[in-house]
Amino acid sequence: MEDTATANVKFSSLSLDPQILRAIEDEGYTEPTPIQAQAIPQILAGRDLMAMAQTGTGKTAAFTLPLLQLLMPHASSSASPARHPIRALILAPTRELAIQVEKSVETYSKHVALRSTVVYGGTDIKAQKPALMKGVEILVATPGRLLDHVESRNLMLNQVQVLILDEADRMLDMGFMPDLKRILTLLPKQRQTLLFSATFSDEIKKLAQDFLVNPVTVEAARRNAAAENVKQSVLLVEHDKKFSVLAGLIRERGLKQVLVFTRTKLTAGRVAKLLEREGILADAIHGDKTQQERIKALDAFKEGKITALVATDVAARGLDIDQLPLVVNYELPPNAEDYVHRIGRTGRAGASGEAISLVDGAEERLLKEIEHLLKREFPREHAAAQASPRERTAAPAPVPVSDSPRAIASHPARAAGPDRQVNRANPVERGHRVKKPAATDDWFMRPYEPSPVAAKLEVQSEVVQDKPKKQIAALLSRPPDKS
Ligand code: AMP
C-alpha cells in the first residue's frame, strides 16, 4: 500500500550516513518502503515511535537504519569491551525473529564499526557469553534469555539509549509482559523507545502508555489489509486427499520452494516425512525440534537444499525468506489473524506471491472467519487429488495427516489401536483411539522421527523454550508488577 506522502521519498534524502546507504545499495533496495519512509525521519529526530507494521513491510530496516545512524558517533574499532557498551536493545518474541533481526542488523551495519549479537533461549547460555563479554553496541534478545544473562551478570543495560520492541503484540500474546516490565526497570529512564506491532490492540496501547513518551504513530498498512500482492486461493479437498493434492501441486508446478503450514507438530512432522517418501526433499520445524534442527532446516530451505518446509505457526513466526513463491495452508489456522501472518511469508517487500489453502469440510467455519477478517470472499475450487506414486504402486490406505478429531475418528489409518504411540499429551488423540484397522501403514504408528537433514544433528534431550520468567523477580530489586 503506497502512502502518497511518502511515495517519492528516496533513501538519499533520509540523512543516513554514506556507509549505511552503501549497505542498502548492496542489498539492492532502490527506495524506502512506506513504513521506512514514515518511520526513519521520526526516529532520527529522537521521537518515541509506535509503528503498526507487519512482517514483510520492511519494518526491520525501518528501525535498524536510523538506529545505526543514531549510534554512528559511538562507532569504534577499539578492541576494548569498555568501548562497546550495549547502547541499543532490540527485543523480539521468538528466537527465529531475534536471529533474523540480528542478521539484518549485521547486513545494514557491515560498513560501520558497530557490533551486534543475539541471545535467545533454547540453547546453551554459556555459548552466548563470549560475544557479550567482547562488548556489543546492539543486542537483539528474547526477553526470557535476556533476563537469564542479567541474572548471570553477563551484561549491563545501564547505557541503553534506544529500546526497540519488535512484534510487541506477539510478545504480549506470549505472556512476556512481566519480563518486559522487569527489563524496563534495568534501563535508563532517559532513552528512546520504538514499538513495532502488527496490531494496535488496547493492550498494546496500554503498553505504549507505560513504555513510551509522547510517541508519534505511524502505520504502514491497515490491519488485515496485508499481502495485497499475494494471490490467494482456496481448494476444497477431502481431508484424506490433502497430502496427494499437496504433492501433486509441488510436482506439477515443478516447485523449488514451498512453505507448508499445519496446525500441529504431529501433522508437520508427518507431512514432511511423507513428502520425503515421495522423493520431495522436505523438513519440518515445530516446537519439538531443537534450536539447531530448526536453524539447520531453515538454512537448508533458504539455500534451496530442500523443497518444502513444513511449519507450525509458532515455529514459523518471523520467517523471512526472500522470493518465496508459494505458501500452502495444509490446514487453516485456528486463529484467523495467523492466516494473515502465514501468507505474509510470501509477497514480501512488494514482490508477488501466492497462497493456496487446502480446505476440508470441517474447516469451512475457519475459512469464513478469515473471510470476515479480510472482508473478502474466496472463490472455492474443487481440487482434483493426484495419485502419488506410493498410492499407485503400494496402494496403502489414504494418507492421513491431520490431527482433527473428525479426521481421526473417521479415518481408518488414524484410528489406531493401543499399540500406536500417540501423542499422549493430546486429548484429541487420546479421546479417539479406537480399534486398529486391518491393513495400514505401520509408519503412522511410529512417532515422528527427525528427517535425514535433522537426524545428522546433535539432538538435544530437551527443548528449552524461552518462556516468560516469573521467578526472576525475586533475584532483582523490585517485586514483579501486576500485568
Ligand atoms: P521485514 O518486514 O523487515 O521482515 O522485511 C521484509 C523483506 O523486505 C526483507 O527480506 C528485506 O530484506 C526486504 N526489504 C526491506 N526494505 C526493503 C526495501 N526498501 N526495498 C526492498 N526490499 C526491502
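V9 is partly exposed, with 19 other C-beta atoms within 10 Å. On this scale, a residue is buried with 20 or more other C-beta atoms within 10 Å of its own, exposed with 12 or fewer, and partly exposed in between, C-beta atoms being placed from the backbone. The model is predicted, so local features need pLDDT of at least 70 and side-chain atom pairs count only at pLDDT 80 or more, while totals for chains, interfaces and linings use all residues. Residues are numbered from 1 along each chain as its sequence is written.

V9 sits in the segment before helix 1 (18–27). Helices here are DSSP runs of H or I with at least four residues, strands are runs of E with at least two, and both are numbered from the N terminus. Setting aside neighbours within four places in sequence, V9 contacts P32 and A37; contact means C-beta atoms, placed from the backbone, within 7 Å. From V9 to P32 the C-alpha distance is 6.9 Å, across 23 residues of sequence.

Next, strand 10 (residues 282–285). Strand 10 pairs with strand 11 (residues 308–311) in the parallel sense, over four bridges; pairing requires at least two DSSP bridges. A282 has A308 as its bridge partner in strand 11.

Terms used. Contact = placed C-beta atoms within 7 Å.
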